[in-house]
Structure formats: structure tokens, C-alpha cells
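Student: I would like to learn how to read a structure feature by feature. Could you take me through one slowly?

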Amino acid sequence: MSDETFMREALAMAKLAAEAGEVPVGAVLVREGAVVGRGYNRPVTGKDPTAHAEVLALRDAAEHIGNYRLGECELYVTLEPCAMCAGAIMHARVSRVVFGAADPKSGACGSVVDLFAENRLNHHATVTGGVMAEEAASLLQEFFGARRKAMRHA
């Protein structure tokens, strides 16, 4: 399976977020070539500031696997993780992070900070960015464009 295969799964999750009125970010956790956890943004509908796609995918995978340590797993997410999500990814010991679009406002994999490159932290996942970035960015642009348009007409 390729990075694009699993990123398509994450993009499908992002579309569910958009349908729910949430910022369209989706994530899947993969272990030994199989998806073991899924999540999409739900902080608004869940009234939970920690309900980012990555965190929900980590929770789902930990429940599925029966352990919060997810060392043999790879996380595919449509948007570069923020600092909160990067911290959760580190604590779960995820081995690799693959993201689509960069986040110049809050990305913690190199756009604003690079927590995975911080030597003083105890876990370092391998990070690959830009996988299907155009598709991921397009979902975000469409979502925010529609919101701006709705606000102008309100």
C-alpha cells in the first residue's frame, strides 16, 4: 500500500468533517498495512477542544489494539498536526506521520515549529509532508471560502 492509498482514506474522513460543519481534517492510523483507527475533526459538534482528527484516530486505534502505545503505527492526516496533536502522537509513540497540506498558522512539523526534530523530547517520529497536499488544501479552501461567502450574505 502506498502513502496515497492511506491519504485517500484520510481525505474521506476529512469530507465527513466538512459534512458535519467542521474544519475538514481527517486522519487514519495504519498498522501492518491495515487501518486500525479513524478520526475527523469534531471540536465544535463534540464541544471538545481536543477532538482533532489525529487525537480521535489515536483514541480509536488504542481502543482497537488494546494499548495506548502505538509504536508500530503510521498516522496519515490531511493537515500538518498542531502542537497538541504532535504531543499526543509522541506520547502514543507513533513511528511515522504523513501529512497532506502544510499549516502555516499552527503546524508543528516544520511550518511554525518542528516538535519531532526537538532533541530534548523523548520520541521522534519520522515525518513526511506534502502527500496529496493539493487535494487536502482544496478541501480546506472550499470549506473556508463557503464560510466567508455565507458570512458576507448573513
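This is a predicted model: local features need pLDDT of at least 70, side-chain atom pairs count only at pLDDT 80 or more; totals for chains, interfaces and linings use all residues.

Student: Which residues of helix H3 are buried, and against what do the buried residues of H3 pack?

Tutor: Helix H3, which spans residues 83-92, has as its buried residues Cys85, Ala86, Gly87, Ile89, Met90 and Ala92. These buried residues pack against helix H2 (53-65), strand E3 (73-79) and strand E4 (96-101).

Student: Strand E3 has come up, and I would like to look at one residue in it. Is Thr78 buried or exposed?

Tutor: Thr78, which lies in strand E3, counts as buried because its relative accessibility is 3%, where the cut-off for buried is under 20%. Leaving aside residues up to four places away in sequence, Thr78 touches Met7, Ala10, Leu11, Ala14, Pro24, Val25, Gly26, Gly100, Ala101 and Ala136.

Student: How should I read salt bridges, and how many salt bridges are there here?

Tutor: The general idea is that side chains of opposite charge can pair when their charged atoms come close. The rule applied here asks for a side-chain nitrogen of Lys or Arg within 4 Å of a carboxyl oxygen of Asp or Glu, and by this rule the count comes to six salt bridges. One of them joins Arg96 to Asp3, with the closest N and O atoms 2.8 Å apart. This pair links distant parts of the chain, since Arg96 is in strand E4 and Asp3 is in helix H1 (residues 3-19), 93 residues apart. Both Arg96 and Asp3 are buried.

Student: What other salt bridge does Arg96 form, and what do the shared partners make?

Tutor: The side chains of Arg96 and Glu74 also meet in a salt bridge, at 3.4 Å from N to O. Because Arg96 lies in strand E4 and Glu74 in strand E3, this pair ties together parts that are 22 residues apart in sequence. Arg96 is buried, with a relative accessible area of 17%, whereas Glu74, at 23% relative accessibility, counts as partly exposed. Through salt bridges that share partners, Asp3, Glu74 and Arg96 are joined into one network.

Student: Where do Glu72 and Arg31 lie, and what does their pairing tie together?

Tutor: The side chains of Glu72 and Arg31 meet in a salt bridge of 3.1 Å, N to O. Glu72 lies in the loop between H2 and E3, and Arg31 in strand E1 (residues 26-31), so the pair ties together parts that are 41 residues apart in sequence. Glu72 is exposed, with a relative accessible area of 52%, while Arg31 counts as partly exposed at 26% relative accessibility.

Student: Turning to the surface, which residues gather in a patch of positive charge?

Tutor: A patch is built from residues with over 30% relative accessible area and no salt bridge. Here Lys105, Arg148, Lys149 and Arg152 gather in such a patch of positive charge on the surface, and Lys149 is found in helix H4 (residues 133-152).

Methods. Residues are numbered from 1 along each chain as its sequence is written. Side-chain values use heavy atoms; hydrogens and water are left out. Patches are made of residues with over 30% relative accessible area and no salt bridge: like charges are joined within 9 Å, nonpolar side chains (Val, Leu, Ile, Met, Phe, Trp, Tyr) within 5 Å. Accessible areas come from the Shrake-Rupley method with a 1.4 Å probe; for residues, only the protein chains shown count as cover. Lys and Arg count as positive and Asp and Glu as negative; His and the chain ends are not counted. The place of a charge is taken as NZ of Lys, CZ of Arg, CG of Asp or CD of Glu. Helices (H or I, at least four residues) and strands (E, at least two) are DSSP runs, numbered from the N terminus. Buried means under 20% relative accessible area, exposed over 50%, partly exposed in between (1.4 Å probe, protein chains only). Contact means heavy atoms within 4.5 Å.
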